[in-house]
Amino acid sequence: GRSREDDTPRLSGREREALQWVGAGKTTWEISRILGISSHTVATHLRNAREKLGTVNITQAVAEALRRREIEF
């Protein structure tokens, strides 16, 4: 059968970027300035990423995205 990861939706480019910046220690506001989008939009990308990764918080989402090689440092 298919593994759980085959069924997991891939993160969008913006979701990956936002998670990458969170992993680098940036706040939502800082990420919004870096990417040139609103803080609300950053929060939406992070929430969507968290839901796609099946995680309860953003720290766990960064760790899971790293484990799945969706982001890297």
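## Close-up views of helix packing and buried residues

**View 1. H3 and H4 are roughly perpendicular to each other (an angle of 65 to 115 degrees; under 35 counts as roughly parallel, over 145 as roughly antiparallel and the rest as oblique).** The model is predicted: local features need pLDDT of at least 70, side-chain atom pairs count only at pLDDT 80 or more, and totals for chains, interfaces and linings use all residues. Residues are numbered from 1 along each chain as its sequence is written, and side-chain values use heavy atoms, with hydrogens and water left out. The axes of H3 and H4 lie 8 Å apart, and the packing angle is about 105°. Axes are lines fitted to C-alpha atoms, for helices over the stretch in contact, with angles from 0 to 180 degrees between N-to-C directions. Helices (H or I, at least four residues) and strands (E, at least two) are DSSP runs, numbered from the N terminus. H3 contributes Thr 28, Trp 29, Ile 31 and Ser 32 to the contact (heavy atoms within 4.5 Å), and H4 contributes Ser 39, Val 42, Ala 43 and Leu 46. By class, the residues of this contact are 5 nonpolar, 3 polar and no charged. Ala, Val, Leu, Ile, Met, Phe, Trp, Tyr, Cys and Pro count as nonpolar, Asp, Glu, Lys and Arg as charged, and the others, Gly among them, as polar.

**View 2. Helix H2 (residues 13-23) crosses helix H3 (residues 28-35) at roughly 130°.** Their axes come within 10 Å. This angle makes H2 oblique to H3. The contact joins Arg 14, Glu 17, Ala 18, Trp 21 and Val 22 of H2 to Ile 31, Ile 34 and Leu 35 of H3. It holds 6 nonpolar, no polar and 2 charged residues.

**View 3. H2 packs on H4 at an angle of about 100°.** The two axes are 9 Å apart. H2 is thus roughly perpendicular to H4. On the H2 side are Arg 14, Glu 15, Ala 18, Leu 19 and Val 22; on the H4 side are His 45, Leu 46, Asn 48, Ala 49, Lys 52 and Leu 53. These residues divide into 6 nonpolar, 2 polar and 3 charged.

**View 4. Ala 18 and Glu 15 are shown in helix H2.** Beyond neighbours within four places in sequence, Ala 18 contacts Ile 31, His 45 and Leu 46. Its C-alpha atom is 8.4 Å from that of Leu 35, 17 residues apart along the chain. Glu 15 is also buried, with a relative accessible area of 5%.

**View 5. The largest nonpolar core has 14 residues.** Such a core is a set of buried Ala, Val, Leu, Ile, Met, Phe, Trp, Tyr and Cys residues joined through side-chain atoms within 4.5 Å. Leu 11, Leu 19, Val 42, Leu 46, Leu 53, Ala 65 and Ile 71 have the most contacts inside this core. H2, H3, helix H4 (39-53) and helix H5 (58-67) each give two or more residues to the core. H4 gives the most, with 4 residues.

**View 6. Glu 70 lies in the segment after H5.** Glu 70 counts as buried, at 9% relative accessibility. Not counting residues up to four places away in sequence, Glu 70 touches Pro 9, Arg 10, Leu 11, Arg 16 and Ala 65.

Conventions: Buried means under 20% relative accessible area, exposed over 50%, partly exposed in between (1.4 Å probe, protein chains only).
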